[in-house]
Amino acid sequence: MKASHSRLALAITLSFAIVSLSYHPKSPGPYTLKERFKWSNVPTRYPVTSMIPLPSAIPHSIPKIQATFPTETSTHRQERLAKLEAVKSNFTHAWSGYKSKAWLKDEVAPLSGQALNPFGGWAATLVDALDTLWIMDMKEDFEEAVAAIDKIDFTTCALDEINVFETTIRYLGGFMAAYDLSGGQYPALLKKAAEMGSMLYKAFDTPNRMPITRWKFKDAVENVPQEAPDGILLAEIGSLTLEFTRLSQLTGDTKYYDAVQRIMSIFEDQQNKTKLPGMWPIQVNAKTEDFTGSQMFTIGGMADSAYEYLPKQYLLLNGGATQYKQMYESTLTTMKNHIFFRPMTIDGKDILFAGQVNSNGQVISATDPQAQHLGCFAGGMVALAAKAFNSEADLEVGKKLMEGCLWAYESMRGGIMPEIIHTLPCPDKLQVKCDWDQAKWVSAMTEKYGTTDVTSAEEQLQNLGLPHGIMTVDDSRYILRPEAIESVFILYRITGNATLQDRAWDMFNTIISKTKTSIAHAALNDCNAINPTKADRMESFWLAETLKYFYLIFSEPDLVSLDDYVLNTEAHPLKRTS
Ligand SMILES: *[C@@H]1O[C@H](CO)[C@@H](O)[C@H](O)[C@H]1NC(C)=O
Ligand SMILES: *[C@@H]1O[C@H](CO)[C@@H](O)[C@H](O)[C@H]1NC(C)=O
Ligand SMILES: *[C@@H]1O[C@H](CO)[C@@H](O)[C@H](O)[C@H]1NC(C)=O
């Protein structure tokens, strides 16, 4: 997800008050460049005086997550394996494009074949795809890629400022997942993860130990004084826990866990003090540790994974910290009251989306019936947590959220849910019954499009390729995002419901037919157009996440079992130790 990660593309459209530090870079020390970027050589300005230890796992605290799958018929098996092969051959196609045109660069441009470096030039696609290579049993390619990571040089960077969150979820997560999945056979992966970890740890060297999320690492290596910023995105500070915790588990060095646990203590402290108690706004103040200032609440872009990581951190610690369960449960209550809403559909489907609200602390706005593709992870999150915390009722909520995004895929002309849409909401957003209200729809169409009667409203809808109930497409791109298939995958593994495989297969075919190029696969400018045009971009999450989830829906269910792994927000599986 995000300088345009899968869940943060919107970040770049917002501008923040950025604290400007005044400093005078010191002259370079007596080191060569390479030695200078040995982060253990850089002194700590604000050392931690007492380390928070990793909590011990609580045995048997987590119920079984995955369904018990019945033995399949040989027909089903054959069909499934053919689908698995189709997913794999598309992965291989895009991987070959990357290999031949952009090896060791961040991305291959799928139309022009150029090599792009939007993530610092540290081979983002290669690192992000490592674990998918392993999962798809492409051992030769995996070993070739592992051998190549030695050539990634973290002492140079194409950017002046690195995004600590993106670097953590893609690179750190990518190295550790490949290490975990391959059973520790490739120590180079852990070495690279530790190298990355010791660099990122320096971003926490501030007076209050809160990290700088858009980080000038070349100044940091000169030990220029740093301070956490006052305007910071929720997702960027709240989604470092899994990776840093796993790094502590793997290296035995507790400092990484300590670093993120300090952040989560502030989350806990601030949770009921914000303008929408239970949730945190999309922008928070890391310098003063005050999260109560902003008024905008969503679980879509810029916030998303901060919520996703609460139950996942509980799983990774195997129940070792009940704090995460408590924080999740109170946040879910607020989401049910203010964020989740039911759209009005012509056949009265009982489905949910995740919208957004504003609150000034006194007045909480009505839920904006917006649905972002980024928000489609919610079904998977709620369902996974429902299993972890034993709640049948919440599992139903998770299913309805997944069904919301599937409805968008299945009912729009293009067969793909775009970045952002607006729906016609039910009058009472969670009400049990919500019949189609023709008069309400006609007047909403008049307001949006100036249509004058039912006939012209119907015509307008037809021209736009929208089903009754979707009012507008606010951002029509499909940039190869994974969140919808992510939730379908999680629900499939939890329920064992085979119709989800069929629906996933339809999604897959539609996406492939529109995005495939001679080199790889390309984002779409308007995925609901009759003949959508392609954009020259394939973000690394296509190989790291989207194709991985499609593959795992058709694989044996014990491959990357949710009872053994927690997937980070870039779909990198981290091993749950017991
Ligand atoms: C926040 O409020 C909820 C609901 O009243 C409560 O269950 C929870 O324990 C509170 N959290 C904290 C950290 O005080
Ligand atoms: C499986 O999911 C479909 C929707 O995809 C639903 O209609 C059906 O009832 C589910 N089956 C079971 C056994 O839950
Ligand atoms: C990609 O998937 C499609 C099915 O959607 C399949 O027909 C095709 O063979 C697959 N592989 C490639 C390289 O296109």
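Tutor: With one side chain. This is a predicted model. Leaving out residues up to four places away in sequence, leucine 130 touches Phe142, Ala145, Val146, Ile149, Phe175, Ala178 and Leu189.

Student: How should I read such a set of contacts?

Tutor: Begin with the general idea. In soluble globular proteins, nonpolar side chains tend to be buried together. Now the case here. The largest nonpolar core holds 187 residues. Leu130, Phe175 and Phe340 have the most contacts inside this core.

Student: Which element gives the largest share of this core?

Tutor: Helix α5, with 10 residues. This helix spans residues 164–181.

Student: Which positions does UniProt mark as "active site"?

Tutor: The UniProt entry, which is unreviewed, places that feature at Glu166, Asp304, Glu419 and Glu483. Take two of them. Glutamate 166 lies in helix α5. Aspartate 304 belongs to helix α11, residues 304–316.

Student: Is glutamate 166 buried or exposed? And why?

Tutor: Buried, because its relative accessibility is 2%, and buried means under 20%. Aspartate 304 also counts as buried, because its value is 0%.

Student: Next, empty space. How do I find it?

Tutor: Rolling a probe the size of a water molecule over the atoms shows where empty space is left. In this model the count is two cavities of 30 Å³ or more.

Student: What volume does the largest cavity have, and which residues line it?

Tutor: The volume is about 60 Å³. The lining consists of Lys312, Leu315, Leu384, Ile490, Tyr549, Leu562, Tyr565, Val566 and Leu567. Two elements, α11 and β14 (565–567), each give two or more residues to this lining. The largest share, three residues, comes from β14.

Student: How does the lining of the largest cavity divide by class?

Tutor: Eight residues are nonpolar, none is polar and one is charged.

Student: How much space lies in the second largest cavity, and what lines it?

Tutor: About 50 Å³. Its lining is made of Phe353, Ala354, Gln372, Gly375, Cys376, Ala378, Gly379, Leu401 and Cys405. The elements that give two or more residues to this lining are β9 (353–354), α13 (378–388) and α14 (392–411).

Note on methods
Residues numbered from 1 in each chain as written. Chains lettered and ligands numbered in written order. Predicted model: local features only at pLDDT ≥ 70, side-chain atom pairs only at ≥ 80, totals over all residues. Heavy atoms only, no water. UniProt positions renumbered as here; feature names shortened; annotations may be inferred. Helix = DSSP H or I, 4+ residues; strand = E, 2+ residues; numbered from the N terminus. Buried < 20%, exposed > 50% of the residue type's maximum accessible area, 1.4 Å probe, protein only. 1 Å grid on protein atoms, 1.4 Å probe; cavity = no way out; pocket = protein on both sides within 12 Å on 5 of 7 lines; lining within 4 Å. Points joined across faces, edges and corners; volume = space filled by probe spheres on them. Nonpolar A, V, L, I, M, F, W, Y, C, P; charged D, E, K, R; others polar. Core = buried A, V, L, I, M, F, W, Y, C linked by side-chain atoms within 4.5 Å. Contact = heavy atoms within 4.5 Å.
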